[in-house]
Amino acid sequence: MTLQQLKYVIEVATRGSMNEAAKRLFISQPSLSNAIKDLEEKLQITIFERTNKGIVLTKDGAEFLSYARQVVEQAALLESRYLNVKPAPQHFSVSAQHYAFAVSAFVELVNAYGHDEYELALRETKTYEVIEDVKHMYSEIGILYLNEFNAKVINRLLDDAGLQFTSLFVARPHIFISARNPLAKQSIVTIGQLDDYPFLCFDQGEFNSFHFSEEILSTLSHKKMIRVNDRATLFNLLIGLNGYTISTGVLSADLNGRDIIPVPLDCDETINVGWISHRNMPLTKLGAAYVEALKESVAKDYG
């Protein structure tokens, strides 16, 4: 086993494609495939499965990738320290439901650890894809929530994928609305008061199940409902249409300004927001730093 082979595995896992990885590594696709195949035969494990959707990590492959990243990271530190080799670009990826505090934490991570070169990724995406991204190691960390309604379904998916959920905070539900909304001056809002306002929610694509909804109380019916795909569009519609969405109440004024505000929602639900990662696999340096940045961001904006 060589350090180069470990780098090949990391690149293929990052790209999810032999062709794209080969381009990045400046080698031919057959050479890369053969190198991976030789490594799998030597280790007597299957690292990647070839599917009609591309290359995905196996369970053994995900575990191997975790160790490979640690070895390559340590080798880079040795080269930098003793051979005066320029540090390799840093790599880190996180997938999340649409939370402003996740973006704030990402900003802090880049400010604290960004060198001259890095390749980082922040994917705000659908609930099912957050789990899939972490399962296949496209992202080291995923951010989502559990509550009494969705926990059984989500926990089963996490268990099957070898993932674990670590709680960040438990919040009471809030609505996000425009600061100019007639409800903005209230100390608390009831569900009945929301009837005449458009309800905004994030579309979950082919997995548009109640259990994958990013908004609690997903089984409630609404007279007016609009599905969106990104947070910027949702915020614009909150302002332009006096709409509302249901979330945690954690909102960064530094990043999002003061046009959108949280107002407590009168209901007995709670939202347990946390991060997911592979079970029994240590976080990388950047992964651990991002988790700390998440904690600081939540403490700052939620207290």
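Tutor: We begin with a definition: two residues are in contact when heavy atoms of theirs lie within 4.5 Å. The model before us is predicted. Among its contacts between residues at least 6 apart in sequence, 77% join residues at least 24 apart.

Student: How many helices and strands are there in the protein?

Tutor: The protein contains 10 helices and 12 strands. Its radius of gyration is 21 Å, close to the 19 Å that the globule rule gives for 303 residues, so the protein is as compact as a globular protein of that length. Along the principal axes, the C-alpha trace spans about 65 × 40 × 30 Å.

Student: What share of the residues is buried?

Tutor: A residue counts as buried when its relative accessible area is under 20%. Of the 303 residues in this protein, 47% are buried. The protein exposes about 15500 Å², and carbon and sulfur atoms supply 49% of that area.

Student: Which residues have the most contacts inside the largest nonpolar core?

Tutor: The general idea comes first: in soluble globular proteins, nonpolar side chains tend to be buried together. Here the largest nonpolar core has 43 residues, and Phe101, Ile143, Ile175 and Tyr290 have the most contacts inside it. Among the elements that give two or more residues to this core are helix H5 (100-113), strand S5 (141-146), strand S7 (174-178) and helix H10 (285-301). H10 gives the most, with 7 residues. A second, separate core of 24 residues includes Val9, Ala13, Ile47 and Leu65.

Student: With which residues is phenylalanine 101 in contact, leaving aside its neighbours within four places in sequence?

Tutor: Phenylalanine 101 is in contact with Ile143, Leu168, Phe169, Val250, Val273, Leu294, Ser297 and Val298.

Student: How many salt bridges are found, and how should I read one?

Tutor: A search of the whole structure finds 11 salt bridges. In one of them, glutamate 40 pairs with arginine 50, the closest N and O atoms being 3.9 Å apart. Glutamate 40 lies in helix H3 (residues 29-43) and arginine 50 in strand S1 (residues 48-51), so the pair ties together parts that are 10 residues apart in sequence. Glutamate 40 is buried, at 10% relative accessible area, whereas arginine 50 is partly exposed, at 47%.

Student: Which parts of the chain does the pair of glutamate 124 and arginine 231 link?

Tutor: The side chains of glutamate 124 and arginine 231 meet in a salt bridge at 3.0 Å, N to O. This pair links distant parts of the chain, 107 residues apart: glutamate 124 is in strand S4 (residues 118-124) and arginine 231 in helix H8 (residues 231-240). Glutamate 124 is partly exposed, with a relative accessible area of 28%, and arginine 231 is buried, with 12%.

Student: What does the salt bridge between aspartate 159 and arginine 279 show?

Tutor: Their side chains meet at 3.4 Å, N to O. Aspartate 159 is in helix H7 (residues 151-160) and arginine 279 in the loop between S12 and H10, 120 residues apart. Furthermore, salt bridges that share partners join Glu11, Arg15, Arg24 and Glu119 into one network.

How values were computed:
Residues are numbered from 1 along each chain as its sequence is written. This is a predicted model: local features need pLDDT of at least 70, side-chain atom pairs count only at pLDDT 80 or more; totals for chains, interfaces and linings use all residues. Side-chain values use heavy atoms; hydrogens and water are left out. Helices (H or I, at least four residues) and strands (E, at least two) are DSSP runs, numbered from the N terminus. The radius of gyration is taken over C-alpha atoms; the globule rule is 2.2 Å times the number of residues to the power 0.38. Buried means under 20% relative accessible area, exposed over 50%, partly exposed in between (1.4 Å probe, protein chains only). Accessible areas come from the Shrake-Rupley method with a 1.4 Å probe; for residues, only the protein chains shown count as cover. A nonpolar core is a set of buried Ala, Val, Leu, Ile, Met, Phe, Trp, Tyr and Cys residues joined through side-chain atoms within 4.5 Å. A salt bridge is a side-chain nitrogen of Lys or Arg within 4 Å of a carboxyl oxygen of Asp or Glu.
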